[in-house]
Amino acid sequence: MKLTKLLTSAAVALGLATTAMAEDKTKVGFVYVGPVGDGGWTYEHNQGRLAVEEEFGDKVETVFVESVPEGPDSERVMTQMALNGADLIFTTSFGYMDPTINVAKKFPNVKFEHATGYKTAPNVSVYSARFYEGRAVQGHIAGSMTKSNIVGYIGSYPIPEVIRGINSAFIHARKVNPDVQFKIVWAYTWFDPAKEADAAKVLIEQGADVILQHTDSTAPQAAAQAAGNVITFGQASDMSEYAPLPRVSSIIDDWAPYYIARTKAVMDGTRESKSTWDGIGAGMVGIGEISDAVPADVKEEALALKASLADGSYHAFTGPLNKQDGSAWLAEGETADDGTLAGMNFYVEGITGDIPQ
Amino acid sequence: MDLSAINPVLLVASLMVAATPLLLAAIGELVVERSGVLNLGVEGMMITGAIAGFAVSVETGSPYVGVLAAAVAGAALSFLFAFLTQFALANQVASGLALTLFGLGLSALMGQGYVGIRPPAMTRLDIPVLSDLPVVGPILFGHDPILYFGLLLTAAVWAFLKFTRGGLILRAVGENHDAAHALGYSVIRVRVLAILFGGACAGVGGAYISLIRVPQWTEGMTAGIGWIALALVVFASWKPWRVLLGAYLFGGINVLQLNLQAAGVAIPVEYLAMSPYLITILVLVIMSADKSGAPASLGRSFHASQ
């Protein structure tokens, strides 16, 4: 599929080169880690791409390649896109970080936007969403609703973004329920429905009645539904087809405004390299409708938490907080700085298990 | 660490489920390779079976019709491969790879309207008394029919290859197609039938993922199982029971490692994550120390004029 897409885009580029040189379209490329039909992460990036097309109509042309493995293969795909005349390329997964920097060096005139990474260059911007704010709301609901006091968490890769999510969810679950325990399973994949389903089943068999996932497919939702009496949260996308149970709420990524703004900046020639990290307040992170399966008072608290995160009156990482080994991290009232959060590689106190290094 | 959180009965029961798609696809590919054909399109046939089975189940409301449709779809796709390699004498490796790419694309297209839908559930076997037995019940008598079908199929393929005349012909074609041809057997016909069988098995394996193991449709949901099935056939030295062992080992260790992670065992997760591959390969490689090699004509095209 990848190959055919490449061939088509190559053919299209060839056609454009020979017939329509005069046409001055801004060409925007997207590199996806999963299929656009995953119903989660990649689906939402593709929605952003469609929004760009809708916004600029004929003035823009978008291309995308889906299911691109992280690592060297992605470098080839990006190079191909740049060679085909892309002006702006969005690389939408953490694992594309080094390939993006490498390709950006070779094509100084092409602008790159890398999602969830931290390495920038004159023509490479990074952007991410403060998903951990959404995780705080999830943690609150999870801690309030669990009866077994065991929350299962399906991690993808042990990278800062995922660890932040685990910590944030844990802190807020503990706040409402001091007995809550997290069982964390690393799937080592962003997208593998069968494996995600297995992981969810294992966690449920071991007593979890809340499943949080940081993988992209809806498979854990299906597993939770089959098991019954287990609640889940939509990841990246609303996953409302599993509402009102097991899916009781969700974190929704909304990339469209950012993608439109960046494309506009490239068109106007005003684009410069920067780091964007927006949360609930800026609308990059949305909280999907909290279903009726959640008790009214919990729902109200969750919405209040969301509001305080949105207006900035509350930070999801507010002290006093200790690290897992018991050493002090944040003092009373102190909030975490973005640098620490961006490179977070430790659990907070209370979480059992080690982060794979 | 809390090993008591792992329930061994549930563990065995779920490892059987995890292993079944792999087993089905691998046993089909085993027959194909024993006939001397290397079909690298397993992944493509599986995913096509997954969506065909899913779509038909949703439309008809019957998971059994869906599984049947998955077998037909897998076989239909493999017929394309059979045509290319057996009649047009195309390169088998290239055709197989093309089949995988084609299957992935085709399934994504077919699945457009089926994202987020729930398939009708397949009833589990429920034998009064037997299914309620404490340990044996959930392990032996509490599964869906396809799982038992996979086990029966393994036994049937083994018996077919070992004891029947048809099996002997199939092996002869795979070992030396010129000799088989000289004896008057139709090499092409045997191979086409083997390819169709392999396609049907892969299709059912795919449908098992989309209808029972996950159950839902998502693009690319087989996520490489087809390739593992291919590797498994090689490591199992083209022997049915070893394929079964390998599939259960792989599925089992996969489920076990997730269990160990969830229970907080102090083994680095990286080792746990690679353990299914490592242990399966290790065990099968040690077992294949006897002199069982690949079918001699594996991957070679046959034409009666040569």
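In this predicted model, the contact between the two chains draws 33 residues from chain A and 36 residues from chain B. On the chain A side, helix H1 (2-19), strand E7 (181-186), helix H7 (193-205) and helix H8 (219-227) each supply at least two residues. The largest share of this side comes from H7(A), with nine residues. Sorted by class, the side of chain A that touches chain B holds 16 nonpolar, ten polar and seven charged residues.

Eleven helices and 14 strands are found in chain A. Its radius of gyration is 21 Å, close to the 21 Å that the globule rule gives for 357 residues, so chain A is as compact as a globular protein of that length. The C-alpha trace of chain A spans about 65 × 45 × 35 Å along its principal axes. Of the 357 residues in chain A, 53% are buried. Among contacts in chain A with a separation of 6 or more, 66% are between residues 24 or more positions apart.

How is chain A divided? Domain 1 covers 2-129, and domain 2 covers 131-253 + 284-342. The centres of these two domains of chain A, taken over C-alpha atoms, are separated by 30 Å. Where the domains touch, 14 residues come from domain 1 of chain A and 16 residues from domain 2 of chain A. On the domain 1 side, helix H2 (residues 41-56) of chain A gives the most, with four residues. The residues on that side of domain 1 of chain A divide into six nonpolar, six polar and two charged.

Helix H2 of chain A deserves a look of its own. At 1.5 Å a residue, its 16 residues should span 22 Å, and the end C-alpha atoms of H2(A) are 23 Å apart, which agrees. Which residues of H2(A) are buried? They are Trp41(A), Thr42(A), Tyr43(A), Glu44(A), His45(A), Asn46(A), Arg49(A) and Val52(A). The cover over these buried residues includes strand E1 (26-31), strand E2 (60-65), E10 and helix H9 (256-268) of chain A. Just after H2(A), Gly57(A) takes a positive phi of about 55°.

Three bridges join E10(A) to strand E9 (residues 231-234) of chain A, and the two run parallel. In this pairing, Phe233(A) has Ser249(A) as its bridge partner in E10(A). Strand E12 (residues 285-288) of chain A is joined to E10(A) by four bridges, and here the strands run antiparallel. Asp253(A) stands opposite Val285(A) of E12(A).

Gly53(B) lies in helix H2 (residues 42-60) of chain B. The C-alpha atoms of Gly53(B) and Leu104(B), 51 residues apart along the chain, are separated by 15 Å.

Note on methods:
Residues are numbered from 1 along each chain as its sequence is written. Chains are lettered from A and ligands numbered from 1 in the order in which they are written. This is a predicted model: local features need pLDDT of at least 70, side-chain atom pairs count only at pLDDT 80 or more; totals for chains, interfaces and linings use all residues. Two strands pair if DSSP finds at least two bridges between them. Domain bounds come from an automatic or database domain assignment. Two residues are in contact if their C-beta atoms, placed from the backbone, lie within 7 Å. Ala, Val, Leu, Ile, Met, Phe, Trp, Tyr, Cys and Pro count as nonpolar, Asp, Glu, Lys and Arg as charged, and the others, Gly among them, as polar. The radius of gyration is taken over C-alpha atoms; the globule rule is 2.2 Å times the number of residues to the power 0.38. A residue is buried if 20 or more other C-beta atoms lie within 10 Å of its own, exposed if 12 or fewer, and partly exposed in between; C-beta atoms are placed from the backbone. The expected span of a helix is 1.5 Å times one less than its number of residues.
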